Amino acid sequence: MHRLNLTFAVIALALVSGCKNNDSSMNNPFFENWSDNHGAIPFDKIKTEHYKPAVLKGIELEDQEIAAIVNNPEKPTFQNTIEALEYTGDLLGKVLGVAYNIVECNGTDDMLALAEEMQPILSEHSLNISLNEKLFQRVKSVWDEYNAKNFEGLTTEQQRLLKRRYDGYLKAGATLQGEARERWRKVQSEMDSLTLAYGQNVQKATGEWSYQLDPEKDLEGLPDFFRETLKGNGYKLTLLAPSYRPFMQYSARRDLREMLYKAYNSRCTSGQYDNTDVLRRIALLRQEKADLLGFESFADLQLTNKMAKTPAAVNNLLGQLLEAYRPTAEKDVKEVADLAKKDGVNDLKPWDYSYYCEKLKTAKYNFNDEQIKPYFALENVKKGVFGLATRLYGVTFNKIDVPVYDKDVECFEVWNHTEGDSTFIGLLYTDFFPRATKRPGAWMTEFRDQKIDQNGEDIRPIVQIVMSFSKPIGNPGDKDYTPSLLTYDEAETFLHEFGHSLHGLLTRCHYPSQSGTSVARDFVELPSQFNENFLGKKEFLDTFAKNWQSGEAMPQELIDRLHAAETFQAGYACLRQLSFGMLDMKFHTLGANSNKPFDLSVVENPAERFPQLANIEKFEKEATAPTTLLSPVEGTMVCTSFTHIFSGGYAAGYYGYKWAEVLDADAFAVFEKEGLDNPETAKRFRHLLESGDTVDPAELYRQFKGADPSIDALMRRDGIIK
Ligand SMILES: [Zn+2]
């Protein structure tokens, strides 16, 4: 799963503020112009009570701006409609940019309560815009005019902007009339409650299961850190990740692993939280949406504005990877099975895999995070990561003293120094340490999008990267001082989020909805995952990976072992991802195999239209059969708890993880061939980072590489081919 979250999931976490409605616009910092320090946010002046009046005022202003567009007596044009829409909602964007971030990074009780209170108000505001029929008619009129003349008179970026705006309405059902419109509303409303119910079932089934371990007998094989965790929890084993994963990895009790595996993989397959009917119905309703809009399947509908574009392209990639990785994956499993045999386990089951895999890894590579961490002091890694951007793109980071929302937050001015020119690029805030009011995980977020405003001024972006590294112990100079020391994975996460932030910072677009990271979901992980590739490279490690006490460089022998471990079980891991991707595509291409066209009658029984859904377990096992390496266990399924596709935003999109991996490995291979510090190569990649969504991503990638991506580089990186 990804650490990204840069769309911050438009998590309906809205903002509110106290109920001090008597607070006038006087002294509300959101109503002031933030011009000091390139628009740095005046966190010292913003108080909780400032959000609500600013949000309400922001909504009021945007409503007025939209009304002005709708009531414009002139004939709709690209400028007075599509472009004008780009410049509405400035104040609301300014408040929410700060608010979303504070809710996630410093979500005190009053902020969370306000967010909850404001959520319906913001939802309604957004619906008022997307369902505004008069506004849609203006957009459609502009679309029809340009569509008829093959978009003549618009630049490429304007064509994309118009298409994206029109598609947005199309996918929201705005073009439907009469009976179809009524049906659409019903489908949409039923779908909203079903996806919510699906997610809640998974959450409850996961949260309510537990098993009481006997500390005398049931802890065999468990490492100290996990015993401590269990002790703190009264020796209750649960299905939550911090309990499930280490138990499957370390427990020497095969019977308990089997019990835990079966409990986890049979969640929501029957009983109180049964999701089988829910997901059948979701799959059917999604197909109905596709039918209503004239698409063959829901996947066809979802993929129109993605890089992949069609289900055929997705299935082609998944099929290619399957063929290439399957033999290695079989060897991977055999290696684990051979080790298990030495332990007397002759029939490797799914609940044995993690356990013997962990043993195999230790036997083969013999290293752990404790050996790596002294070389990864945060201040050193920071130098390495920032320095990488300086070498590749001529970008520097200058720490500035501005108000922040927590003492652990820092702010940097980012400057460009290329071809003798020094220009300001944007502001980067960093928030590295956990706090009680901060959501776990790591992500990049944008306080302010880049755009050319209506006066022609380039408004530069303000971005932030957020992580949860362990804090330093003591203060520098103290006898017992220990800096924040990162694990290998944490350093990789830093590079990942920093890659997103460069995408956000270097952007040079005209329209705000196209700038920075506002690109297709199967393209957005390219800049971030690309950056991760540097961590394994000696050239990069040599720039910063020094022991924080002795100053000695990371030994070559340790780097070699790190390298070797990178391809460990890569075949198995790939097939697992492919099985999720294939299952997702199977559920969302039902229409392609249907001989019963949709006729606007309400289909009450999904299996009547799609007989293959009658037995969900069978459907899943058939869909994933090509990727199966260990005999499937009766009564277990993934799809009853596959929240990514049935209650998250990844329907017909799970493939995106692999898609972006192909791209990042391919792009990095270009650098390796032309030189990791080659300025010409970096310049071409920078162009890709600057372009946002102004160019079709496939075309943008071709401009960088001079050719389409291939899967060879990924296979080489994973050790599948030499
Ligand atoms: Zn990411």
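Two strands pair if DSSP finds at least two bridges between them. Helices (H or I, at least four residues) and strands (E, at least two) are DSSP runs, numbered from the N terminus. This is a predicted model in which local features need pLDDT of at least 70 and side-chain atom pairs count only at pLDDT 80 or more, while totals for chains, interfaces and linings use all residues. Residues are numbered from 1 along each chain as its sequence is written, and side-chain values use heavy atoms, with hydrogens and water left out.

**Exercise 1.** Determine in which sense strand E5 and strand E9 pair, and over how many bridges.

*Solution.* Step 1: strand E5 covers residues 421-431 and strand E9 residues 462-466. Step 2: the two strands pair in the parallel sense over 5 bridges.

**Exercise 2.** State the strand order of the open sheet and name its edge strands.

*Solution.* Step 1: the 5 strands follow the order E3-E4-E5-E9-E6, with mixed pairing. Step 2: strand E3 (395-400) and strand E6 (443-448) are the edges, as each pairs on one side only.

**Exercise 3.** Is Leu122 buried or exposed?

*Solution.* Step 1: Leu122 belongs to helix H4, residues 109-130. Step 2: buried means under 20% relative accessible area, exposed over 50%, and partly exposed in between (1.4 Å probe, protein chains only). Step 3: the relative accessible area of Leu122 is 11%, so Leu122 is buried.
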